[in-house]
Structure formats: structure tokens, C-alpha cells
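Subject: Handover of the structure

Dear colleague,

I am passing this structure on to you, and below it you will find my notes on what was found. Please read them with the structure open beside you.

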Amino acid sequence: MEPVRTTEIMAVAGARELRDGETVVVGLGLPQVASVLAKRTHAPNLTTLLEIGVVNSNPIDTPAGLADSRIFHGATCWSGFLDILGMNLHRGVVDVGFLGALELDRYGNINTTLLKEESGQVRYFNGSAGGNDVASLARRVMVIMRHEKRKLPLAVSHLTSPGFPGGKSRAENHLRGNGPHRVITDMAVLGFDPQTREAMVVSIHPGIRAQDVIDNTGFPLRLPAEIPETAPPSEEELRLLREEIDPRRVYLR
Amino acid sequence: MASKLKDVAEVVRTIPDGASIALGGFAIARNVIAVVHELIRQQKRDLTLSQCVMGMDTDLLVGAGLVRRLIVGGGSLDKFGLVQCVNRARENREVEALDMTSLAVCFAYLAGALGLSFLPIKSLLASEVLERLEAGPGAERVRRISCPFTGEQYVALKALNPDVALVHVQAADEQGNCHIHGPKWENEEQAKAAQRIIVIAEEIVPTDLFRQHPTRTVIPAHRVEAVIHQPFGAHPTAVYSCYDYDSEHLELYVRHARSRDGVRDYIEKYIRGSRNFAEYLEKCGGAARLNSLKADPVLGY
């Protein structure tokens, strides 16, 4: 069998964080792959929502983005932003928000708006779209991203979507939802200290050393004395990912 | 009832410089490209555009230099890349961008559609998105408030009532009743918030079709001012159940949009160099190319 790819470990780690019966707002890419995997394994009763107004779609072709008709396929309900981000997320019935990030800092604050180059030049990206809404309102937030020092800075260059701004509690920040819960990278799974609200290591992926994780993180990262290894994908999870969910390896590169 | 069918050039002549326009597209889906082309041919100026998620529609209008202000949640061309003309204009401060979130723009439209002057939202708090709005021209659109009943903190969003809403739909009748297949993103709220609704339809169908399925009518005729019939009018973006996005043309556009010169060449060749949308479609490969994009009736793409 082909060796396990890092993206496959990430997708599987993401899927295992979702519990059967939960409602999740899903962003495009690995979050989408992870939620489909969860649904086809331990969480058949997961409800997946896309912000543009798609409930429980079941794509049979890999979509190019959220606006791709391929991602509308097999849905049980088509509505719009007002329904998904309003009457579900704002209403308070979304358990998990699943996001990507350009940058994420030690308090789980997310930047998807801009980066500042060393010359001082600002470069713009996609902005919030539904990201700030999801981070502000979902019961728990999960992020999937690459583990690089510049992507995990002490403080984000633009706070698009709040985690625990200023290290303060969600209530002190007037935010609903419990904030960031897990950050799944290509090296580790991170969580947040309930007291200090700082990111800490939950597990490290097979073959990665703790020092690699520290060296590639732009903020001081708390490590437990005994660091668990992220459980590797099972044969069945790999089969589903490779044969059914993303056979052309659009996202599982 | 009299038909509201109109020619795109005739309709665009009624949109004045400085108008505020709600665009019905999302990334690379159902963009009002036929109207965007005509706005560019008629060289409109100082437009304010609003949209939850910008796509090729907004990117082209900004690239053509028609836009003064954006009120948006975000922007993307999905896997084809970023909204490069918009981002370049922002980086060079050539456009005033009021960044909000998808739900904030949708709530501002909803307030406008309900005749409310504002609606409260629990997004935006404790973010730089809000701080940037408060520090610039966006300050007129947001206020931190507390609930008169519970004391909870909210952001009050000023209602958006655009002068014109432009929405591309799969089917309309000559009076303006509209069907939208697939997700509707913010189309209903933005249309009903606007002073004037202009609909671009792939197909004109009999009113009896609406009488058979009245619950499917998203925008009803009595609110619609004009109906433009333009098959493939969203090309190269996708229209669910009608046609897929045109990957080759989107890639061609993205290559041009990387630079000012590139986007100018694109606009000269495909838009200003075409007398109408039919000529543009010919340049993109005509009937043979368009037929290859037609949706499978079961899959919808």
C-alpha cells in the first residue's frame, strides 16, 4: 500500500474530532474531506452545512470551490446565507465550525484578510466571508492549516476571526460559542489551555519530533510531559479517502 | 400585464453614475456578466458595489476602474484564485473597501428589505474587521450597542438599500417572476432591499409555470422593474442546471487579471471590442464551446 500522506493524517484527525449527531458548518478543502469521511465512518448522523445555503450535500465529483455546482449535489435542502449563517449559526445550533487560515496565533485568532511583506507592502487575500461569523458563533471551532512558523505567529497581522483576543475569555470579549478547540496541522494537533487560553500540543503526528513542532511554531508552545502520537489512519479510512472521497487527489495532495 | 422584457443596453442606460448596486453573483457562480460588460461599455463611474462574496463580476468592474466603494464580506474565484483586480486596487488605495462578513452584509440587506433602519448582529465583535470599519468610512455603517432587554453587546448594522439589485436567475416570466435553482445565497434579501430590481434570465418561461409551483418563486413580479433575456449571460461563471463554469476562460481571465495591462487587454478584446454579449460569446468559442459547457440534466453541471 502507498505510504500515508500528511494530508490524509490531517483529514482523519479532523474527522475524528466530529461526533455523531452534531451539526457542522464546513469550509472548503480538507474540512470538507474530513466531514465526508466522518459521515462515512463513525458519524453517519452528522449534519453538514455550507454557508451559501446547502444542507447535507453528497458530492460525487470533487468540487473546485464553494460556488461549484458539484458541491450542491445530493443536498436535502437549498437555502442561503440567511438560513445557514443566520437561522442556524447565529441561532446557536451549530456545534462545530470548521475553518482554514492564512495565519493563526497563540490565542487561536485567525487571519484570512491580509499579509504584510517586509517592505511594508500589504497583500490582500479572501477576507472573512463567513469565517468571522463562524469563529464568533459556533460552539467549538476547528482549524485545518499547514504548520509553518510564519503561519503561526505570536499575533496575527490582521485579526479577522476571533479566538480568545487578548487571552481573555469569550464572555469578556462579548462572543458566543466556546472558541477555538483544535488546530490540525501537518505536524500536530493543537488544543487550548482552559486557564491561559494559549495553544498547546495535544498530539504529534507519526514521524514528527517535538523539536520540529517547536521550531516551526512562531509562539511558545506548551507541550505535555508525555506527548501522545496522533492515531494513524485505519485501512478503511484510507480506502474511503483514496477511492471514494478524493480519488483525483484535489485536496489530499 | 405588459412585458418587462428589455435589452441590456437599454436597461444599463437607466443606471446613473454613482449608483449603488447589489450584485447577485457568488465567486464563480451566477455572476451578472452580461450586465457587467454593458456597464463597462457605457463607462459608468463611481459605483458602490455590495455583495456577500465577490466574484468575477466585481473584479471586472473594479479592474475597469468603475468602482469607488465596496461593501463586501469577502471575495474569491474558488480554485482559480483571488480577486486580483480588487486586491490590487485595495493595495493601491484606489477603491474604498468596507470589509464586513457574509452574514453582516446579509443582515444589512435583510434590515433594508424589512424596512428597518438597522439590525443587531453577534459577529464582528472583538475583531479587527470591526475596528477597521470604525476607523474609516465604514464607521457610518456600524455601532456597538447593548440589548435594551438583556444588556448583551451587539454590533448594530445600518440597513443597506441599494439603488439597484442585479440578479442572474435560471428562469423568469416576462413580468419578472423568478425561479432560482440551487442555493440562493443572499439573492432574496438583496433584491428585496433594493429600490429597483433587474433580473437577467437564462430562459423566459410562461407565467403558468409559476402558478403551478408558486412556492418556488424567489422574487415576485410586482417588485421587478426589468427582465433581460440572455442565455449564457453568466459566462464564464456557472449557472446550476444550465451550464458549468468555463475553466479555460476563467484561467485566461485570471492570467490577464494579474497585471493592469493584462486586464486592460482583456477588457479591450472581450468587452469594449465586442458590440454586444453575442459577439463576446462568439470570441469565447461560440456555440460549439457553449454546448460543451451545458449541464447534464441529472447532475445540474
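What covers the buried residues of H6(B)? The cover includes helix H4 (131-137) of chain A together with strand S4 (96-99), S6 and S7 of chain B. The buried residues of this helix H6 of chain B (residues 128-135) are Glu128(B), Val129(B), Leu130(B) and Leu133(B), where buried is said of a residue with 20 or more other C-beta atoms within 10 Å of its own, exposed of one with 12 or fewer, and partly exposed of one in between, the C-beta atoms being placed from the backbone.

Before going further, please keep in mind that this is a predicted model, in which local features need pLDDT of at least 70 and side-chain atom pairs count only at pLDDT 80 or more, while totals for chains, interfaces and linings use all residues. Residues are numbered from 1 along each chain as its sequence is written, and chains are lettered from A and ligands numbered from 1 in the order in which they are written. Helices (H or I, at least four residues) and strands (E, at least two) are DSSP runs numbered from the N terminus, and two strands pair if DSSP finds at least two bridges between them.

In chain A, 4 of the 5 residues of strand S10 (residues 140-144) are buried, so this strand is largely enclosed by the rest of the structure. S10(A) pairs in the parallel sense with strand S5 (residues 96-99) of chain A over 4 bridges, and Arg140(A) is there the bridge partner of Val96(A). Another 4 bridges join S10(A) to strand S11 (residues 180-184) of chain A, again in parallel, with Met142(A) partnered by Arg182(A).

In chain B, 3 strands form an open antiparallel sheet in the order S5-S7-S6. Strand S5 (118-121) and strand S6 (142-146) stand at its edges with a single partner strand each, so one side of each is left without a neighbour in the sheet. S5(B) is joined to strand S7 (residues 153-158) of chain B by 4 bridges, and Ile121(B) stands opposite Val155(B). Helix H5 (residues 102-114) of chain B packs on the sheet, touching S5 and S7 of chain B, and its direction makes about 150 degrees with that of S5(B); axes are lines fitted to C-alpha atoms, for helices over the stretch in contact, and angles run from 0 to 180 degrees between N-to-C directions.

Phe81(A), Leu82(A), Leu85(A), Gly86(A) and His90(A) in H3(A) are in contact with Ser102(B), Leu103(B), Cys106(B) and Leu110(B) in H5(B), contact being counted if the C-beta atoms of two residues, placed from the backbone, lie within 7 Å.

Lastly, in chain A the axes of helix H2 (residues 30-40) and helix H6 (residues 235-245) come within 11 Å and cross at roughly 120 degrees. On the H2(A) side Val33(A), Val36(A), Leu37(A) and Arg40(A) meet Glu237(A), Leu240(A), Leu241(A) and Ile245(A) of H6(A).

With kind regards
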